[in-house]
Amino acid sequence: MYVLGHPLLALVDILDGLLFLYSIIIIASAVVSWLRPSPNHPAVRILNMLTLPLYMRMRRFVPRADYIDLTPLAALLAIMFIRMGILPIFRTFALNLIGG
């Protein structure tokens, strides 16, 4: 099982890094939304392109609180749950396959 452990561990580490990067993108998107820059600015368009597909899916389940959009918070909580709750299980499984 040594052969399966290392690719699984690498996959878990890559997924963890990508989720961390996406959480930074979500935080940047939330901060930019407070500043209200021009929607035609390239940075704003990139942030919207990266975050709006997830926000649209999550808005069906996250209630709207007056003028505050809680979707970025819910997305960050979901990412934290995956990073702290699910990925450690796979990391431990991969380490057990390796024998460490």
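Student: In this predicted model, why is Ser-23 classed as buried or exposed, and on what value?

Tutor: Ser-23 has a relative accessibility of 10%. Buried means under 20%, so Ser-23 counts as buried. The residue lies in helix H1, which spans residues 2–35.

Student: What makes the pairing of Ser-23 with the backbone oxygen of Phe-20 a polar contact?

Tutor: A polar atom of the Ser-23 side chain lies 2.5 Å from that oxygen, and the cut-off for such a pair is 3.5 Å.

Student: Which residues does Ser-23 touch, leaving aside those up to four places away in sequence?

Tutor: On that basis, Ser-23 touches Leu-76 and Ile-79.

Student: Why are H2 and H3 described as roughly perpendicular?

Tutor: The axes of H2 (residues 42–58) and H3 (residues 71–98) come within 10 Å and cross at roughly 95°. Angles of 65 to 115 degrees count as roughly perpendicular, and H2 and H3 are therefore given that description. Leu-54, Tyr-55 and Met-58 of H2 make the contact with Thr-71, Pro-72, Ala-74 and Ala-75 of H3. By class, six of these residues are nonpolar, one is polar and none is charged.

Student: What does Ala-75 touch, with residues up to four places away in sequence not counted?

Tutor: Its partners are Ile-26, Leu-54 and Met-58.

Student: Which residues make up the largest nonpolar core?

Tutor: This core has eleven residues, among them Val-12, Ile-26, Met-58, Ala-75, Leu-76 and Ile-79. H1, H2 and H3 each give two or more residues to this core, and H3 provides the largest share, five residues.

Conventions. Residues are numbered from 1 along each chain as its sequence is written. This is a predicted model: local features need pLDDT of at least 70, side-chain atom pairs count only at pLDDT 80 or more; totals for chains, interfaces and linings use all residues. Side-chain values use heavy atoms; hydrogens and water are left out. Axes are lines fitted to C-alpha atoms, for helices over the stretch in contact, and angles run from 0 to 180 degrees between N-to-C directions. Helices (H or I, at least four residues) and strands (E, at least two) are DSSP runs, numbered from the N terminus. Angles under 35 degrees count as roughly parallel, over 145 as roughly antiparallel, 65 to 115 as roughly perpendicular and the rest as oblique. Contact means heavy atoms within 4.5 Å. Ala, Val, Leu, Ile, Met, Phe, Trp, Tyr, Cys and Pro count as nonpolar, Asp, Glu, Lys and Arg as charged, and the others, Gly among them, as polar. Buried means under 20% relative accessible area, exposed over 50%, partly exposed in between (1.4 Å probe, protein chains only). A polar contact is a pair of N or O atoms within 3.5 Å; within protein, one must be able to donate a hydrogen and the other to accept it, and residues adjacent in sequence count only if both atoms are side-chain atoms. A nonpolar core is a set of buried Ala, Val, Leu, Ile, Met, Phe, Trp, Tyr and Cys residues joined through side-chain atoms within 4.5 Å.
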